[in-house]
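Me: I would like to learn how to read the features of a model, step by step. Where do we start?

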Amino acid sequence: MLDLHTMLVAVAVATSCCALARIVLYFLHPGMAGLGHWAWASVIGALSFAVAGTGAGMSEGWSLTLAHGLVVAGFCLVWDGFRRFLGRSGLPVRFYLGLGALAVVLIVSSHSAGSLYLRAGFNSALVAVISLAIARELLWCAPPHRLAMRLAGWVYLANALFFSVRGASIAFDLGFMAGTMSYGLTVVASMWWLCVTISVTLCMVLMAGERLQEELNHQASRDPLTGALNRRAFGALAEREVVRARRTGAPLSLLMIDMDHFKQINDRLGHAGGDEALMMFVSLAGRMLRAEDLLCRFGGEEFLALLPGSSTTEAMGVAERLRTAFTEQAKGLDGAGQLPFGITLSAGIAALAGDEGLEAAIRRADTALYRAKTVGRDRCELA
């Protein structure tokens with residue numbers, strides 16, 4: 001036998017500890033989207049059980065009504081937080097206003113009918129619907145490697161199922177667990193809430209950890225100015241492509257690309273102008289290269305692109321399109337019209353041959369690039 005009010009107070013204390021954990025998580029990473037909403041949702045959740053457990057100086061009907069409203073508001077904030085964490089827009093103000101208006105209608109209707117079961121049934125239905133919406137966000141939008149996010153999605157899916165069953169039990173007066181536990185499903189729902197709150201809080205902490213690890217991996221593998229791969233990360237990924245090409249017999253081509261007259265660009269436009277030209281090229285290459293292609297800032301104004309499955313003819317076509325598109329786009333760079341030369345690219349193209357190593361292929365592409373520079377720049381040469 002579990003006393004309901006004691007159970008509610010115990011759950012309020014436990015959810016307060018989870019709220020503290022989410023608040024600490026927010027203060028540790030204030031710039032991470034969604035964490036503030038999760039923290040406020042946990043505070044509201046703890047407050048809802050405190051109101052339900054103590055009565056807050058109100059009649060039982062009104063205290064439970066207020067507790068139900070706080071629970072729904074907390075779920076909405078969690079949903080909003082997950083959307084922001086995923087990089088989506090938050091829930092619009094009209095959503096909150098509409099939900100508030102619906103809650104007022106339901107409260108007035110249930111009090112007019114004098115039915116606590118009606119209020120509890122409405123609450124269960126709203127919680128189930130919002131939980132299902134959260135589960136949809138997490139399970140459909142989460143990348144496969146985001147295990148914590150997917151786990152949170154399954155927790156909310158289970159929560160939607162539980163509150164659907166609870167709502168049906170209340171609506172049809174099925175009396176599940178009646179006589180076994182005091183207040184039947186109300187106590188079971190309190191225990192379920194405790195399990196869900198702890199599970200979701202752990203998932204939130206793990207999700208923040210996954211996000212931080214991704215950011216650290218990105219910083220360790222990317223050039224800080226342009227966002228292209230650095231040489232260390234490129235080398236590791238490129239060696240895998242070499243092994244795959246040798247195993248399958250597929251062609252593998254390299255582009256060694258250099259920005260012409262870069263020193264003079266820096267001298268005349270300043271380092272900010274040179275940096276803008278480099279970032280412009282990487283942005284353009286990111287749009288024109290395929291998802292499986294690798295782009296590395298090899299050093300200074302020199303870039304290296306690896307094109308798996310591409311022959312030298314195909315790689316030459318890619319290099320020419322990059323060169324032409326960049327030359328045209330660079331005309332819009334601030335101060336470009338004042339230069340006595342155009343901002344252009346030169347490229348050397350080589351394909352991995354036989355048992356040749358990656359370094360040897362890079363040297364041949366570099367030799368072809370040097371030839372392109374020697375014979376007049378703004379051109380592509382095949383090794």
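Reply: With pairing. Two strands pair if DSSP finds at least two bridges between them. Helices (H or I, at least four residues) and strands (E, at least two) are DSSP runs, numbered from the N terminus. This is a predicted model: local features need pLDDT of at least 70, side-chain atom pairs count only at pLDDT 80 or more, and totals for chains, interfaces and linings use all residues. Residues are numbered from 1 along each chain as its sequence is written, and side-chain values use heavy atoms, with hydrogens and water left out.

Me: How many helices and strands does the protein chain have?

Reply: The protein chain has 11 helices and 5 strands.

Me: In what order do the strands form the sheet?

Reply: Strands of a sheet pair through backbone hydrogen bonds, either parallel or antiparallel. Here 5 strands form an open sheet, ordered β2-β3-β1-β4-β5, with mixed pairing. The edge strands, β2 (294–299) and β5 (380–382), each pair on one side only. On average, neighbouring strands are turned by 20° against each other, direction ignored. Axes are lines fitted to C-alpha atoms, for helices over the stretch in contact; angles run from 0 to 180 degrees between N-to-C directions.

Me: Which strands run antiparallel, and which run parallel?

Reply: β2 and β3 (residues 302–308) run antiparallel, joined by 5 bridges. In that pair, Gly 299 has Glu 302 of β3 as its bridge partner. β1 and β4 are also antiparallel, over 7 bridges. There, Met 259 stands opposite Leu 345 in β4. β4 and β5 run parallel, with 3 bridges. Gly 348 has Glu 381 in β5 as its bridge partner.

Me: Is β4 buried or exposed?

Reply: Buried means under 20% relative accessible area, exposed over 50%, partly exposed in between (1.4 Å probe, protein chains only). In β4, 6 of the 7 residues are buried, so the strand is largely enclosed by the rest of the structure. Across the 383 residues of the protein chain, 47% count as buried.

Me: Which helix packs on the sheet?

Reply: Contact means heavy atoms within 4.5 Å. Helix α8 (residues 231–248) packs on the sheet and touches β1 (252–259), β2 and β3. The direction of α8 makes about 135° with that of β2. Helix α9 (residues 262–288) lies across β1, β2, β3 and β4, at about 150° to β1.

Me: How many cavities does the structure hold?

Reply: On a 1 Å grid over the protein atoms alone, a cavity is a set of points where a 1.4 Å probe fits but cannot get out; lining residues have an atom within 4 Å of a point. Grid points are joined across faces, edges and corners, and a volume is the space filled by probe spheres set on the points. The structure holds 2 cavities of 30 Å³ or more. Of its 14 lining residues, the closest to the centre are Arg 22, Phe 75, Val 78, Trp 193 and Thr 197. The elements that give two or more residues to this lining are α1 (4–28), α2 (35–54), α3 (60–85) and α7 (185–221).

Me: What lines the second largest cavity?

Reply: The second largest cavity has about 30 Å³ of space. Among its lining residues are Ile 257, Arg 323, Leu 345 and Cys 380. The elements giving two or more residues to that lining are α10 (312–329) and β4 (345–351).

Methods
On a 1 Å grid over the protein atoms alone, a cavity is a set of points where a 1.4 Å probe fits but cannot get out, and a pocket is an open set with protein on both sides within 12 Å along at least five of seven lines; lining residues have an atom within 4 Å of a point.
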